[in-house]
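Dear colleague,

Here is the structure I promised to pass on to you.

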Number of protein chains: 4
Amino acid sequence: MNDCCGVAAMPDVQNYADTRQLAINKVGIKSIRHPVRVADKSGGVQHTVASFNMYVYLPHNFKGTHMSRFVEILNTREREISVENFESMMRQMVERLEAESGYIEMNFPYFINKAAPVSGVQSLMDYDVTFIGAIENGRYTHTTKIVVPVTSLCPCSKKISDYGAHNQRSHVTVSARTNGFLWIEDIVRMVEDQASCELYGLLKRPDEKYVTERAYDNPKFVEDMVRDVAAALEKETKIDAYVVESENFESIHNHSAYALIENDKTHPTQISSEGTA
Amino acid sequence: MNDCCGVAAMPDVQNYADTRQLAINKVGIKSIRHPVRVADKSGGVQHTVASFNMYVYLPHNFKGTHMSRFVEILNTREREISVENFESMMRQMVERLEAESGYIEMNFPYFINKAAPVSGVQSLMDYDVTFIGAIENGRYTHTTKIVVPVTSLCPCSKKISDYGAHNQRSHVTVSARTNGFLWIEDIVRMVEDQASCELYGLLKRPDEKYVTERAYDNPKFVEDMVRDVAAALEKETKIDAYVVESENFESIHNHSAYALIENDKTHPTQISSEGTA
Amino acid sequence: MNDCCGVAAMPDVQNYADTRQLAINKVGIKSIRHPVRVADKSGGVQHTVASFNMYVYLPHNFKGTHMSRFVEILNTREREISVENFESMMRQMVERLEAESGYIEMNFPYFINKAAPVSGVQSLMDYDVTFIGAIENGRYTHTTKIVVPVTSLCPCSKKISDYGAHNQRSHVTVSARTNGFLWIEDIVRMVEDQASCELYGLLKRPDEKYVTERAYDNPKFVEDMVRDVAAALEKETKIDAYVVESENFESIHNHSAYALIENDKTHPTQISSEGTA
Amino acid sequence: MNDCCGVAAMPDVQNYADTRQLAINKVGIKSIRHPVRVADKSGGVQHTVASFNMYVYLPHNFKGTHMSRFVEILNTREREISVENFESMMRQMVERLEAESGYIEMNFPYFINKAAPVSGVQSLMDYDVTFIGAIENGRYTHTTKIVVPVTSLCPCSKKISDYGAHNQRSHVTVSARTNGFLWIEDIVRMVEDQASCELYGLLKRPDEKYVTERAYDNPKFVEDMVRDVAAALEKETKIDAYVVESENFESIHNHSAYALIENDKTHPTQISSEGTA
């Protein structure tokens with residue numbers, strides 16, 4: 001790895017000039033784990049472990065970046081990085097790396113304390129969350145991506161069957177580019193309110209009766225799920241753009257049903273297209 | 001890697017003697033993919049792609065094994081290995097490696113053509129299958145491991161709710177040490193017959209009505225699932241020992257319900273214990 | 001799942017009109033496995049197993065799509081789908097689903113028979129390949145994505161050390177949107193020619209000497225890797241747009257070094273940006 | 001799920017008697033995540049996130065276990081479980097579940113603060129750790145499993161090549177059944193001392209020179225790695241039994257080299273055998 005850190009006696013290979021005339025969109029480190037601290041809506045602070053991807057833009061005339069500086073940024077923060085200082089960590093990174101653009105993706109499990117719907121018994125539910133920060137042309141954009149596991153119950157199965165209806169766990173994933181502060185809890189709520197039923201860590205029997213009947217009363221196709229979540233995301237003015245996906249791990253098949261809606265409110269007439277290449 | 005293959009001019013490091021007095025239980029290659037051909041019960045031959053682990057025992061006085069010979073065995077078989085010649089591939093391996101014991105694990109997706117229960121429309125269902133062969137003290141043992149995805153429907157949820165019942169996809173995994181030939185299809189059938197309902201690739205609406213009602217009529221706890229499969233495995237005289245597990249990806253929680261039964265019929269009074277160390 | 005297949009007596013829920021005014025960008029099935037057949041450059045045909053994602057666009061005024069038709073398309077092709085008929089499978093899908101846009105991602109392991117550099121001994125190397133087809137506004141675009149595992153050797157480590165140099169396995173991933181036919185083998189070659197050294201399934205000792213010295217003679221930073229591959233992709237006129245990534249699983253760290261270059265030759269001045277939302 | 005928790009008005013299905021005459025070796029919950037706190041050797045306390053599997057033995061005459069009680073045990077501990085109270089959590093579980101045997105597997109990322117070998121700069125290294133507790137016949141056994149990533153450098157490649165040697169990241173996994181307290185740090189040290197070189201999160205250029213030369217001076221086959229670690233584990237009297245594995249992600253192949261040694265010092269003459277069935 002081209003870690004070259006000011007030791008004068010050693011050749012500093014990555015500082016050589018480069019003549020291939022090819023800038024590098026992103027260069028850095030990937031899949032490095034670090035403990036972090038995240039503030040939660042209840043006023044507390046959650047300790048969790050994050051996996052980081054940290055990249056900068058490299059102009060065509062530089063041979064390499066300074067890999068060790070990315071790791072230094074993580075290690076100089078006393079092992080703790082909060083959501084409040086995510087932009088400042090981004091700014092520090094592009095400054096330390098002398099870069100004009102930079103990107104950080106920080107993926108971590110996050111817990112919400114939920115009360116069961118009837119008994120009120122409390123337990124933690126876990127969610128996969130990713131903060132995605134980008135600085136381009138000096139402008140910072142923040143995207144929060146959350147995977148919310150829910151119950152989906154099939155309207156067709158309910159309608160055509162004399163009794164019962166197939167249901168299953170589904171993953172609803174929201175990526176929201178925000179222009180103001182939103183709690184993770186707020187985005188999770190927008191999703192869980194649209195599901196056939198939300199999930200809980202701990203349910204007593206009266207709770208299990210409740211969630212069973214609630215899902216049956218509230219059937220949703222995968223299409224309904226993404227539309228109803230999209231409608232909620234459209235209304236939230238702190239969200240500039242979003243992608244909502246639902247993957248239903250069908251209990252009657254060995255494959256998933258899937259749907260996706262995306263919209264950039266700042267470019268409302270744009271036709272959606274695949275971004276691969 | 002210590003590939004040293006008869007080139008006289010080069011030092012053959014792994015043939016040196018070793019003085020640490022420690023035999024190696026298993027040494028070889030892991031996670032190498034190769035196309036294979038497997039005969040199926042319908043009389044055809046299935047082309048699939050397998051991932052292989054291939055190991056031998058190494059006595060304390062040998063420094064290393066011959067890694068490249070494992071790969072040669074895969075590549076000299078014209079890219080095709082059938083279930084019929086699995087033992088002979090094992091025998092070839094221990095001979096080529098001059099080993100007294102050897103192990104091969106071959107994991108691959110396998111397809112069964114199923115007819116939907118009402119419409120009769122046909123489609124493929126995929127299963128993860130692993131053949132596990134061992135030669136120890138000259139004796140060959142064969143274990144087939146199959147992950148069978150099924151529907152499970154909760155009896156408690158059905159009983160306590162006015163309508164509906166939570167259900168979900170479950171993975172029932174059977175590892176069966178056999179003393180005679182059994183088709184993959186035979187073991188899959190033993191599992192699917194015990195499930196709340198089996199899965200299909202393709203279902204028309206009358207089929208969807210059928211599987212919904214069948215699962216509701218046939219609720220199973222995770223405990224019932226492993227017991228009913230175990231009872232079927234107990235009866236099959238070609239099976240000497242088995243482990244049956246069920247993991248239910250609960251549609252009302254973000255974790256799984258899980259159960260396991262294991263039995264070695266050739267050591268019937270043995271107390272089960274963790275095998276980690 | 002909303003499988004509704006022309007059975008008049010049953011309500012066809014997903015054909016109801018929808019009033020939420022939200023079109024769905026992609027809806028369909030995800031992670032369904034099916035055997036396929038792919039022609040290779042040597043003139044043969046390779047049997048492999050693919051995982052498919054199949055989606056269509058759904059206008060705002062339709063409640064749901066016809067999930068079972070996706071599965072029918074896979075099952076009516078006699079279990080075999082070749083690269084030659086990928087576009088026709090796409091056309092068939094959008095017609096059967098009465099959709100204006102459609103997307104198929106087909107991911108599969110692919111094998112290339114390689115000769116070791118000195119001994120000439122032959123063995124298979126496996127590559128992860130994804131065909132990504134899209135039909136939008138009647139226009140078909142095809143993207144091939146290939147993960148090519150290679151050796152990378154660090155120039156800095158070589159330069160500053162009295163002997164040795166750290167090296168490791170790296171994954172170079174190319175996504176190429178093509179305007180004409182390219183063999184998988186052709187794209188793999190463009191990558192392997194740029195690596196410190198390419199990988200082989202089987203190496204004899206003289207081969208191992210060769211690849212060790214070749215990597216040492218040919219050190220590459222992660223930045224060099226993506227630049228050198230990008231330069232090759234720029235020259236290939238059958239490629240309209242590309243993304244090239246390299247992830248080096250550093251042998252001296254527990255994280256990866258990573259770099260990415262992307263370019264759309266049909267929009268040459270476009271500034272690259274994150275596509276999340 | 002059969003959560004039945006003392007609500008008299010509701011049928012308690014899993015308390016029914018069972019007549020199939022089949023005991024269940026393990027039944028409970030799998031893959032539930034929870035924040036935990038683990039004491040470390042430096043005197044501090046580490047916050048991390050664990051994934052739990054929690055099982056009990058179920059006699060043949062009971063229909064089901066009480067799934068919700070497992071989750072209650074996690075949630076009544078104020079979100080924190082330390083290594084010191086792991087046995088007491090085990091004892092609480094078997095008591096609450098009225099079981100004679102019980103098993104908990106708790107898997108979590110753990111961090112060790114390391115100083116780079118020359119510059120002394122500090123950074124965190126992450127390790128995957130699993131605590132495996134079992135109570136059988138009233139007796140508690142504790143196994144610690146740790147995946148230690150290291151550098152391995154091939155002796156054959158070094159010997160036959162004029163310069164350089166292939167090296168790569170390897171995972172050395174130790175499962176140690178202990179009869180007394182050992183720090184995670186102690187077991188990690190036994191592994192890292194045997195590797196061609198240990199890994200670091202952060203290395204300056206003089207450190208990179210050091211680790212490059214150290215690995216070249218200290219070549220190890222996969223066989224050497226497991227033997228040298230096994231020799232260290234044999235000497236540690238607090239370890240009753242162990243499995244040591246090494247998987248080398250070969251930089252010159254697309255597959256791994258692998259070796260395993262296992263020994264139960266309390267049954268020294270036992271012949272190793274596959275535990276599958």
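D:R189 has a relative accessibility of 33% and therefore counts as partly exposed, a class that lies between buried (under 20% relative accessible area) and exposed (over 50%), computed with a 1.4 Å probe on protein chains only. Its partner in a salt bridge is D:D193, with the closest N and O atoms 2.9 Å apart, where a salt bridge means a side-chain nitrogen of Lys or Arg within 4 Å of a carboxyl oxygen of Asp or Glu. D:D193 is partly exposed as well, at 44%. In chain A, salt bridges that share partners join A:K114, A:R189, A:E192, A:D193 and A:E198 into one network.

Please keep in mind that this is a predicted model, in which local features need pLDDT of at least 70 and side-chain atom pairs count only at pLDDT 80 or more, while totals for chains, interfaces and linings use all residues. Residues are numbered from 1 along each chain as its sequence is written, chains are lettered from A and ligands numbered from 1 in the order in which they are written, and side-chain values use heavy atoms, leaving out hydrogens and water.

Over all chains, the structure holds 68 salt bridges. One of them, between C:E72 and C:R96, has its closest N and O atoms 2.5 Å apart; C:E72 is buried at 12%, whereas C:R96 is partly exposed at 33%.

Between chain B and chain D the rule finds two salt bridges, including that of B:D224 with D:K63 at 2.9 Å, N to O.

Best wishes
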